[in-house]
Amino acid sequence: MTRGLWIALATLALLPFASHSQFVANLAMLTAISAALGQAWNIAGGFGGLTSFGHVAFFGLGAYADAILQTRYGFTPWLGLPAAALLGGGVGWLMGLATFRAGLRGSYFALVTLAFAEAFRILANSIGITGGGSGILVKLHTSAGNFQFADRRAGYAAALALLALATFAARRLAVGRFGAYLMAVRENEDAARALGVRAVRVKSAALALSGALTALGGVLYVQSYLYIDPPTAFSVERSVEMLLVAMIGGAGTVAGPLLGALAVHAIADTTRSLVATPGVAPMLYGVVLLLIIGFLPGGIARFVTRPAHA
Amino acid sequence: MALLMPALVGGLLTGGVYALVALGLTLIYGVLHIVNFAHGSLLMMAMFGAWLLAAKFGLDPLVALPLLAAIMFAVGWALYRFVIGRVAHGDDRAILLATLGVAVVLDNLALVLFTGDTRTIETPYALQMIQAGPLLIPLAKLIAFACALLLAGALWAFLALTDTGRAIRAVAREPEGAALVGIRPDRIFALAYGIGIACLGAAACLLLPSFYVSPQVGGVFVLVAFTVVVLGGMGSFPGAVVGGLLVGITENLGGLYLGEDLGPICVPLLFIAVLLVRPTGLFGSVR
């Protein structure tokens, strides 16, 4: 059953390459980025139970790292990728150490991540290196060396690569030793500590990994839109979308965020083709989230796969 | 100095309304032990309610206050009874996510109903100033401050002196014990949630003469409200009042010394600092 699901997902992922439509490729790219970001959130929020409301902090940091390095210092955006990952990972690690040492869990952790994202947004809006409120414009110059592609299908391939990386990481968590520590801390932190798991380190490492992957998503964003400003880089809506994708698909499962991204984009695109009013689609996400929490806590993945640890 | 005093007084006055917003939040936390992330969005809804009553029916917000508080009580009661209480099954993370889901629905519902425009109302007292020594105090803010503290006092008296108030406090302490003496905790939960949201109805009427409303306003207030509550101590009544005033002042001093762009960073930084250094807040007890 699970194998069938992965074959179906892989086939679906390859289909847009067969089409010459830039519209289809763009849609596929956006869905893949959503899935990758949802998977990154899932590593901390699903496997680690670290419900973050402010994951966009990492996205924005990655986006700005990439944009600043190439516009101010003339580095190639290919260098933006490791730089963003290091920054996102480093900030995730430090944020984890600070908050978990202070004993913040659950709702408090969710709120503190929201506050971090907001603090970064205000900072980006008021300091010089980020261009303040007017943001940073990256010069259009499509070439592989510039990591800018005229054909959206290449952008889609980059997004798929990030998705594959994040999904590989999630898969390692699901079967590996570190993931077992992480899930043990999620289920019962005191018991895990008693067994010798260093909970603060494990959780911080998960947040670092998740932050690094999320930051890479920020780089992909900048390279496709060639523009970043504080409200886009640190929008609450994007934090919520990452959480939605993972929760709707099934938090703490490897396939969940992929299914979640498909579901969320299916809702968004159908709604948009039916009603033009902005707000209708996100309102439906909220309703779906409530329904999922109330009636299907395991998310869509529960339908398709058997629970791993039932 | 010439700038400091107006900033302090202005912050204090706004802080009074923050205190009222935070009282609702801290009451909900104290009784139900849930973090109501929908608080900002519900305040935004209430502000649109006050705006509708003023713009379409010509009702002054201060006159509309009891009506809107009653409406918001009903909204809160029903929301808990039919959505949050139903969906969450008592699991902390599920409750938090359910309140987030409610916030997402409300924010976007407002966007659908009212579009993203910011709206304000005009009241005869909006621009009036009162001379107090060297200070000019905006009348609307002074009225809001006085009403907010008055309502906070009334709420305190209700919880301290009435039977229903005692029942709410009993459930907050010991839901099972309260059930044994004939109190029905599920009813008290919906009641307390309703009262917490009614505070937002009142706060919305006090805010609107000097603030604007837009669908995004909930996001602005949610962090402020949580900062107040965490600073004062989650679940603490005097904490919410003192915290409200302190956050109001902090915000204004931040704007004064750090400028309009960087100033707003004070609230999230204060929030992070309190949680990292003293998570129990000023008046909170150790859990």
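Predicted model: local features only at pLDDT ≥ 70, side-chain atom pairs only at ≥ 80, totals over all residues.
**View 1. B:Thr115 sits in a loop of chain B and has a positive phi.** The loop in question runs between α4 (92–114) and β1 (129–132) of chain B. Phi of B:Thr115 is near 60°, a positive value in a residue other than glycine.

**View 2. The loop between α1 and α2 of chain B holds B:His33 and B:Val35.** In this part of chain B, α1 covers 4–32 and α2 covers 39–57. B:His33 has a positive phi, near 55°, although the residue is not glycine.

**View 3. Six nonpolar side chains of chain A form a patch on the surface.** The members are A:Tyr73, A:Phe75, A:Leu79, A:Leu123, A:Ile127 and A:Ile129, and together they have about 510 Å² of accessible area. Take A:Ile129 as a landmark: this residue is found in the loop between α5 (106–126) and β1 (136–137) of chain A. A:Ile129 counts as partly exposed because its relative accessibility is 36%.

**View 4. A:Arg121 and A:Glu118 pair up within helix α5 of chain A.** Their side chains meet in a salt bridge, with 2.8 Å from N to O. Why are the two separated by about one helical turn? They are three residues apart in α5, which accounts for that spacing. A:Arg121 itself is partly exposed, with a relative accessible area of 25%. Over all chains, the count of salt bridges comes to ten.

**View 5. A:Glu187 and A:Arg186 form another of the salt bridges.** Here the closest N and O atoms are 3.0 Å apart.

**View 6. A:Lys203 and A:Glu189 meet in a salt bridge between two helices.** The N to O distance is 2.9 Å. The pair links distant parts of the chain, 14 residues apart: A:Lys203 belongs to helix α9 (residues 199–225) and A:Glu189 to helix α8 (residues 189–194), both of chain A. Are these two residues buried or exposed? Both A:Lys203 and A:Glu189 are buried. Salt bridges with shared partners also join them into one network with A:Arg105, A:Asp190 and A:Arg193.

**View 7. Helices α2 and α6 of chain A cross with their axes within 8 Å.** Two packed helices are described by the angle between their axes and the distance between the axes. For α2 (residues 22–47) and α6 (residues 152–175) of chain A, the crossing angle is roughly 20°. Angles under 35 degrees count as roughly parallel, so α2(A) is roughly parallel to α6(A). The crossing of α2(A) past α6(A) is left-handed.

Notes: Residues numbered from 1 in each chain as written. Chains lettered and ligands numbered in written order. Heavy atoms only, no water. Patch = residues over 30% accessible without salt bridge, like charges linked within 9 Å, V, L, I, M, F, W, Y side chains within 5 Å. Areas by Shrake-Rupley, 256 points an atom, 1.4 Å probe, with all protein chains shown as cover. Salt bridge = Lys/Arg side-chain N within 4 Å of Asp/Glu carboxyl O. Helix = DSSP H or I, 4+ residues; strand = E, 2+ residues; numbered from the N terminus. Buried < 20%, exposed > 50% of the residue type's maximum accessible area, 1.4 Å probe, protein only. Axes fitted to C-alpha atoms, helices over the stretch in contact; angles between N-to-C directions. Parallel < 35°, antiparallel > 145°, perpendicular 65-115°, else oblique. Left-handed = near helix turned anticlockwise from the far one by under 90°.
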